[in-house]
Amino acid sequence: MDRARDRLQAVLEALPRAAIVQGGDAHVVAVNRRFIEMFALDGVDHSPGAPLGPVVEEVAGRFAVRPDPTAARTTALAARRVHRVAEFPLADGRIIRRETAPLYDADGRPSGSLWTAEDVTEAKRREQALHRANAALAELARRRNEFLASASHNLRTPLTSVLSFCDLLADPASGPLGPEQREFLAAIRRNAERMASVITALLETAVLREPRRRLECAAVDVARLVEHAVLDRMPTLTAAGVFTVLRCEPGPALRGDEHRLAQVLDNLLENAAKFTPSGGRVGIDAAPDGDAWRIEVADSGIGVPAEYREEIFSGFVRAPNAEHGGFPGTGLGLAFSRDIVRRHGGELTVSGAAGRGAVFTVRLPTEGPGPDDDADGTDRT
């Protein structure tokens with residue numbers, strides 16, 4: 001018996017938690033030093049065979065809210081032979097997680113319980129701090145979206161007037177313009193249109209992240225989707241002087257928001273035309289890929305440095321070769337596009353090397369957004 005008790009005591013001392021073993025007749029079988037120190041039990045008899053009641057009363061006396069009646073509750077819980085977990089605040093501010101597990105003898109008969117306790121105060125404080133930080137981030141995201149929507153709306157109205165007056169001044173009925181005046185007017189229109197495109201991107205970003213905004217999913221003919229995207233962007237591609245190739249293999253319909261997916265392809269084709277020099281090539285390939293569709297937009301342009309292949313999807317971030325190469329843009333288009341693709345349960349990635357073109361790959365599940373995807377438009381960034 002002494003040898004068995006010594007082995008049990010050694011096991012308890014090796015545990016990383018405070019622990020006490022209760023016998024079936026509500027007496028102390030063994031207790032480790034961590035348990036004694038956690039509840040300051042040096043003044044209470046906790047030797048093997050001592051009654052459990054005084055130990056329980058001493059422990060309960062340190063609770064912020066004392067259980068009543070403690071000893072009866074302890075005996076009743078042990079008799080239920082159920083593994084239980086509970087957390088209790090102590091009067092000194094600590095939070096203790098207690099676990100109770102039934103013990104059985106070699107014949108399977110109940111022989112008592114093992115009680116363990118762990119100080120989880122710091123973990124709880126970190127958890128509460130994380131909750132507060134998440135709430136603050138959610139509030140910042142809400143204010144950001146409100147600001148984007150408000151600023152974009154307030155900027156759009158005067159820009160519309162600027163563009164309208166550009167049209168009036170360019171009309172011969174308004175009087176002749178000299179070469180220098182026409183050049184100035186063209187510069188005004190060009191920059192106003194650029195600002196209008198930035199405002200549109202900001203509005204789209206704010207709308208997409210609006211919690212009440214939902215994807216309008218239906219069956220999408222992928223071949224029609226990519227063909228229309230190329231035709232809509234063909235004037236830009238032609239003006240850029242690039243050769244465009246479209247290939248689409250037959251496959252099943254894709255469940256998704258066709259309007260949003262068209263915006264993704266439009267952004268990718270616009271970038272391909274922008275960053276590919278005249279005489280270059282832009283290829284669009286679409287094909288089924290298992291239970292998904294894979295759509296690739298490849299170009300022979302300036303490419304994306306390896307270290308920026310994730311950053312360019314962050315929003316307002318552009319790779320150095322685009323930033324210093326005189327290419328206009330805000331970096332919002334790719335962030336907006338990845339948001340849309342991810343809300344469909346897919347992924348948007350880029351490969352290729354700087355100076356040797358870029359390949360943007362969109363992978364979308366055929367069945368559309370799953371139950372865990374952000375199909376209701378909730379902002380989780």
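Tutor: Let us begin with the cysteines: the count of disulfides comes to zero. Please keep in mind that this is a predicted model.

Student: What makes a pair of cysteines count as a disulfide?

Tutor: The sulfur atoms of the pair must lie within 2.5 Å. By this rule, zero disulfides are found.

Student: Why is C166 called buried?

Tutor: The term buried requires a relative accessible area under 20%. C166 has a relative accessibility of 4%, and therefore it counts as buried.

Student: Why is K124 called buried?

Tutor: The relative accessible area of K124 is 18%, and the cut-off is under 20%; therefore K124 is buried. This residue is located in helix α5, which spans residues 121-170. Leaving aside residues up to four places away in sequence, K124 touches E87 and I95.

Student: What makes β2 and β3 the edge strands of their sheet?

Tutor: The sheet is open and has five strands, in the order β2-β1-β5-β4-β3, with antiparallel pairing. Strands β2 (28-31) and β3 (84-89) each pair on one side only, and they are the edge strands. On average, neighbouring strands of this sheet are turned by 20° against each other, direction ignored.

Student: How do you know that β1 and β2 pair?

Tutor: Pairing requires at least two bridges between the strands. Three bridges join β1 (residues 18-23) to β2, and the two strands run antiparallel.

Student: Which residues have the most contacts inside the largest nonpolar core?

Tutor: They are L268, I312, F360 and V362, in a core of 36 residues. Among the elements that give two or more residues to this core are α7 (222-239), β9 (281-289) and β12 (359-365). Helix α8 provides the largest share, seven residues. Not counting residues up to four places away in sequence, V362 touches several residues, including V264, L268, W293 and L348.

Student: Which residues belong to the other core?

Tutor: Another core, of 19 residues, lies apart from the largest one, and F35, V44, F63 and W115 are among its members. In soluble globular proteins, nonpolar side chains tend to be buried together.

Methods:
Residues numbered from 1 in each chain as written. Predicted model: local features only at pLDDT ≥ 70, side-chain atom pairs only at ≥ 80, totals over all residues. Heavy atoms only, no water. Helix = DSSP H or I, 4+ residues; strand = E, 2+ residues; numbered from the N terminus. Axes fitted to C-alpha atoms, helices over the stretch in contact; angles between N-to-C directions. Buried < 20%, exposed > 50% of the residue type's maximum accessible area, 1.4 Å probe, protein only. Contact = heavy atoms within 4.5 Å. Core = buried A, V, L, I, M, F, W, Y, C linked by side-chain atoms within 4.5 Å.
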